[in-house]
Amino acid sequence: MIQTNFDLKPFNTFGISANANRFAAFSSIEELQTILQQRKQQESLLILGGGSNLLLTKDFDGLVLKNEIHGFRFVSETDEWAIVESGAGEVWHEFVMRCIDLNLSGMENLSLIPGSVGASPMQNIGAYGVEIKDCFESLTAYHIESGELHTFDNASCAFGYRESVFKHEYKGQYVICTVSFRLKKNAIVNTSYGAISAELAKNGISNPSIRDVSNAVIAIRQSKLPDPKQIGNAGSFFKNPIVRIEVLSEIQTKHPEVPHYPVDANHCKLAAGWLIEQAGWKGKTIDTFGVHKLQALVLVNYGGSTGSQIYELSSQIIADVASKFGVSLEREVNIL
Ligand code: FAD
Ligand code: EPU
């Protein structure tokens, strides 16, 4: 059923009030097709998962399609690995927990990331040393124009840091319906990210299981990222910028301690949160919105703010960091 003049506030983790002209949920490809038959000519579409990577800066003059395709199944398995497929509308964290319950390893470092399974390939979600591309097998996606179901393997998704083909070449063309992952039965845990090993050591765990790693990740995340149920936010608002080594050297002349991570011989990644904090924005509050006090990369809505106020704040931060450090920050969150 298509609803009209629909408030999206409960459907985005920023908790921004914005009306969609029309809104419908679908739980199968057939339902999706039926709704699309009622699409008006030239009507804009927004495919919505958990709304945890969106900033609504105005009302949406179009049709919002909320993905509620559920399901979980084993596609194939050997003694070493299993390929599991999830419906795109499943909640990401619940899917990860289910895999951990089945003792399948690969995604435990991605515990507690909000949102749906279907959105996970959009920006190749990542945290604590792992990205989905590390265990992604394939996805099926409905091609809106032709009505065909296409399969994408790992290479054809062109995954990068917070990037995939669905944000660029195929932007707006597909509805991701199922996603499959190749997971290991004999766990090889990844505790390379300093904060994980520190959390495990704090708890006296020297030979961690995948559940131990998941619990450590959950504890770290809860200690610094605001829970959207309490404070509106969409996680990191900006990407960590990749810059030339000369830019790093210039910053190091004044700030030898600047955190940085190698990318290749000529480039490194800087921590946007550090740059924003050094520029003096951390914890800054303007009326009902601002920069989170524990994580400067996260912009927050304390309630009642508009998306354009938060967008304007992000523009001020971009300009300030550019003038103070000569680094341009790019927004990670999808702006509508
Ligand atoms: P939505 O916000 O609903 O949609 C995001 C984009 O994907 C939109 O462009 C939408 O149109 C498109 N889309 C969604 N579903 C589909 C589909 N089925 N088919 C086609 N297009 C689709 N991200 C990380 O990578 N790492 C983190 O550690 C992380 N931490 C976070 C912490 C917090 C507190 C929050 C609020 C967010 C965090 N995020 C993180 C961002 C966010 O959780 C992810 O980007 C997540 O994958 C978004 O899922 P979603 O279902 O909410 O997507
Ligand atoms: N830092 C500061 N001040 C801050 C925040 C961070 O100085 O306010 C410094 C930290 O001290 C550390 C460095 O920046 O030296 C990196 O911080 P952290 O480990 O917290 O990670 P991040 O770079 O801020 C990224 C991802 C997160 C992901 C974590 C863990 C991006 C844009 N963000 O954050 O992803 O969960 O690493 O892997 O890559 C998201 O995408 O929404 C997200 C939350």
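Reader: What should I know about the model before I start?

Author: It is a predicted model, in which local features need pLDDT of at least 70 and side-chain atom pairs count only at pLDDT 80 or more, while totals for chains, interfaces and linings use all residues. Residues are numbered from 1 along each chain as its sequence is written, chains are lettered from A and ligands numbered from 1 in the order in which they are written, and side-chain values use heavy atoms, with hydrogens and water left out.

Reader: How do strands pair in a sheet, parallel or antiparallel?

Author: Strands of a sheet pair through backbone hydrogen bonds, and the pairing can be parallel or antiparallel. Strands here are DSSP runs of E with at least two residues, helices are runs of H or I with at least four, and both are numbered from the N terminus. Two strands count as paired if DSSP finds at least two bridges between them. Strand 7 (residues 81–87) and strand 12 are antiparallel and share seven bridges. In this pair, valine 84 stands opposite phenylalanine 181 of strand 12. Strand 10 is also joined to strand 12 by seven bridges, and the two run antiparallel. There, tyrosine 142 has valine 175 in strand 12 as its bridge partner.

Reader: How many residues of strand 12 are buried?

Author: Buried means under 20% relative accessible area, exposed means over 50%, and partly exposed is in between (1.4 Å probe, protein chains only). Nine of the eleven residues of strand 12 are buried, so the strand is largely enclosed by the rest of the structure.

Reader: With which side chain does threonine 140 make a polar contact?

Author: A polar contact is a pair of N or O atoms within 3.5 Å; within protein, one must be able to donate a hydrogen and the other to accept it, and residues adjacent in sequence count only if both atoms are side-chain atoms. The side chain of threonine 140 makes such a contact with the side chain of threonine 178, at 2.5 Å. Threonine 140 belongs to strand 10 (residues 136–143) and is buried, with a relative accessible area of 18%.

Reader: Which strands form the open sheet, and in what order?

Author: Four strands form it in the order 13-19-18-17, with antiparallel pairing. Strand 13 and strand 17 (285–286) are the edge strands, each pairing on one side only. Strand 17 pairs with strand 18 (residues 289–291) over two bridges. Threonine 285 is opposite glycine 290 in strand 18.

Reader: Which residues come nearest to ligand 1?

Author: A residue is near a molecule or strand if one of its heavy atoms lies within 4 Å of it. Ligand 1 has 33 residues around it, and Ile47, Gly50, Ser52, Ser116 and Arg221 come nearest. An oxygen atom of ligand 1 lies 2.6 Å from a backbone N or O atom of isoleucine 47. For serine 52, a polar side-chain atom is 2.7 Å from an oxygen atom of the ligand. A backbone N or O atom of glycine 126 lies 2.8 Å from a nitrogen atom of ligand 1. Taken alone, ligand 1 exposes 980 Å², and the protein buries 93% of that; these areas come from the Shrake-Rupley method with a 1.4 Å probe, and for residues only the protein chains shown count as cover.

Reader: How do the residues around ligand 2 divide into nonpolar, polar and charged?

Author: Ala, Val, Leu, Ile, Met, Phe, Trp, Tyr, Cys and Pro count as nonpolar, Asp, Glu, Lys and Arg as charged, and the others, Gly among them, as polar. The shell around ligand 2 has eleven nonpolar, five polar and seven charged residues. Helix 6 (272–278) gives the largest share of this shell, three residues. A polar side-chain atom of arginine 162 lies 2.9 Å from an oxygen atom of ligand 2. The protein buries 82% of the 820 Å² that ligand 2 exposes when taken alone.

Reader: Is arginine 162 buried or exposed?

Author: Arginine 162 is buried, with a relative accessible area of 14%. Its place is the loop between strand 11 (149–153) and strand 12 (174–184). Arginine 162 has a positive phi of about 55°, although it is not a glycine. Glutamine 42, also not a glycine, has a positive phi of about 60°. Glutamine 42 lies in the loop between helix 1 (29–37) and strand 3 (44–48) and is exposed, with a relative accessible area of 77%.
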